[in-house]
There are 2 protein chains.
Amino acid sequence: MDTKPSLFTSLSPALINLYDLRNAVVVIIDVFRATSTIAAALQNGAKAVIPVDSVHLAIEMSKKLHCIAAGERDGVMAEGLQHGNSPLEYTSELIKNKTLVLTTTNGTRLLHLALDNGADNIITGTFCNISSVCDYVVKEQKNVILACAGWKDKFNLEDTLFAGAVINRVKEHFTIHCDSSLAAEYLYSQHKSNLLSFAKNFTHFHRLVSRFGYVEDIEYCLTEDNANILPLYMDGKLMAYTG
Amino acid sequence: MDTKPSLFTSLSPALINLYDLRNAVVVIIDVFRATSTIAAALQNGAKAVIPVDSVHLAIEMSKKLHCIAAGERDGVMAEGLQHGNSPLEYTSELIKNKTLVLTTTNGTRLLHLALDNGADNIITGTFCNISSVCDYVVKEQKNVILACAGWKDKFNLEDTLFAGAVINRVKEHFTIHCDSSLAAEYLYSQHKSNLLSFAKNFTHFHRLVSRFGYVEDIEYCLTEDNANILPLYMDGKLMAYTG
């Protein structure tokens with residue numbers, strides 16, 4: 001009898017309702033760039049990151065809590081926010097002991113969608129904190145949903161590749177009957193030694209690099225364990241989980 | 001200036017609303033098995049295949065039109081239908097000069113969803129008729145949406161691989177800024193010489209073969225051009241298009 005927990009990959013926020021999120025670990029994945037920014041901010045000493053789903057709410061909440069309002073819409077800092085969605089902005093000088101209210105086009109929206117769909121154990125993942133993510137999902141011994149944020153509900157490769165990277169590391173601990181997971185792991189295993197050059201083909205790479213020149217962001221977001229901390233969602237905030 | 005039409009791949013019926021289907025060729029893809037059954041039936045002389053989205057309607061319409069009601073729900077022939085959803089059932093002895101009313105879990109449902117989303121030029125595709133599909137999309141010089149039926153809105157590999165096979169053949173004629181298409185073509189190009197052995201890992205393979213023993217169906221559905229005809233949807237029917 002197969003007693004391992006199950007692992008599934010949801011390739012788009014529009015597919016998240018197909019999976020049972022209750023009593024599972026839900027990993028929110030938005031490699032370019034929300035979950036990389038969250039990892040960087042917490043790694044550099046932020047007390048918490050509060051993900052919110054509208055620019056208006058980010059501004060309102062930052063005033064109330066006297067903290068930084070940050071984020072983007074369509075890749076650029078939205079009006080009224082103080083900082084954008086680049087992990088490189090959140091140095092310890094800026095963020096240490098501070099709280100960040102963050103709103104982004106895809107990642108923070110997906111987190112709220114997961115909550116609406118019954119998720120009760122949410123973490124965020126990206127290459128920057130892959131080891132922490134893998135350790136946690138193995139230790140919890142629950143079902144896992146790797147939830148890709150994509151771009152406005154469309155599939156994207158960077159989030160799928162991160163799902164594949166996690167599967168590649170943890171698959172022996174899970175039962176996996178899921179074509180999305182099979183495809184994700186295959187794509188990752190074929191490109192793990194050249195992620196950055198493969199990324200040059202992605203639609204989001206073109207959006208971020210050709211339009212805004214964020215090539216250093218891309219490199220940061222694809223580097224394993226450069227902000228190896230575990231953001232766990234609890235009481236409306238993402239905070240570093242220390243076990 | 002880039003004047004080629006665009007090509008996109010929709011990996012699930014739940015994503016089809018993200019694409020502009022108007023004035024585009026929409027290729028409905030349900031390799032296991034609806035679009036393979038449609039190709040086989042038309043190749044073997046069926047006058048038309050009428051895709052409908054409920055078992056009840058299939059039965060009602062077949063009585064009214066004095067034709068065969070066929071299809072499946074969850075992989076097995078639904079009660080009240082005369083035939084299932086296996087391409088091997090539709091020999092010329094059975095189907096020549098007859099009309100088939102077909103209802104399936106995924107493929108026929110997606111076709112109606114595409115119509116609801118404004119599609120006005122719909123064909124169906126599978127490995128069995130890949131050359132006809134490729135010739136048509138190149139000749140039309142319109143945008144193309146490769147629409148995968150998946151399984152109950154979940155991503156599946158067989159439909160994605162067929163999308164990749166089409167892209168592999170026609171890509172020079174289109175502008176492709178679409179991570180789904182990039183992933184599909186990569187997966188296909190890496191497995192084109194061993195599709196059948198790769199298919200043994202798919203969830204739908206297990207559903208069809210382990211549960212129902214449909215291994216010959218799988219082989220048929222993955223064979224290129226063994227029913228090389230073009231089913232074009234017009235006035236509520238799929239009929240062989242002869243140009």
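In chain A, strand E1 (residues 7–10) runs parallel to strand E8 (residues 143–148) and is joined to it by four bridges; strands pair if DSSP finds at least two bridges between them. Within E8(A), Leu146(A) is the bridge partner of Thr9(A). Strands (E, at least two residues) and helices (H or I, at least four) are DSSP runs, numbered from the N terminus.

This is a predicted model, in which local features need pLDDT of at least 70, side-chain atom pairs count only at pLDDT 80 or more, and totals for chains, interfaces and linings use all residues. Residues are numbered from 1 along each chain as its sequence is written, while chains are lettered from A and ligands numbered from 1 in the order in which they are written.

In a regular strand the side chains alternate between the two faces of the sheet. From E1(A), Leu7(A) and Thr9(A) point one way, Phe8(A) and Ser10(A) the other, and all are buried (20 or more other C-beta atoms, placed from the backbone, within 10 Å of the residue's own).

The contact between the chains takes 23 residues from chain B and 23 residues from chain A, two residues being in contact if their C-beta atoms, placed from the backbone, lie within 7 Å. On the side of chain B that touches chain A, helix H6 (157–170) and helix H7 (179–191) of chain B each supply at least two residues, and H7(B) gives the largest share, seven residues.

A rotation of 180° with 0.0 Å of shift along its axis superposes chain B on chain A (RMSD 0.0 Å), by least squares on the C-alpha atoms of residues with pLDDT of at least 70 in both. That is the relation of a two-fold axis. In chain B, the C-alpha of Ala14(B) is nearest the axis, 3.3 Å from it. The copies meet through the same surface, because 100% of the interface residues of chain B are also interface residues in chain A.

Technical notes:
A residue is buried if 20 or more other C-beta atoms lie within 10 Å of its own, exposed if 12 or fewer, and partly exposed in between; C-beta atoms are placed from the backbone.
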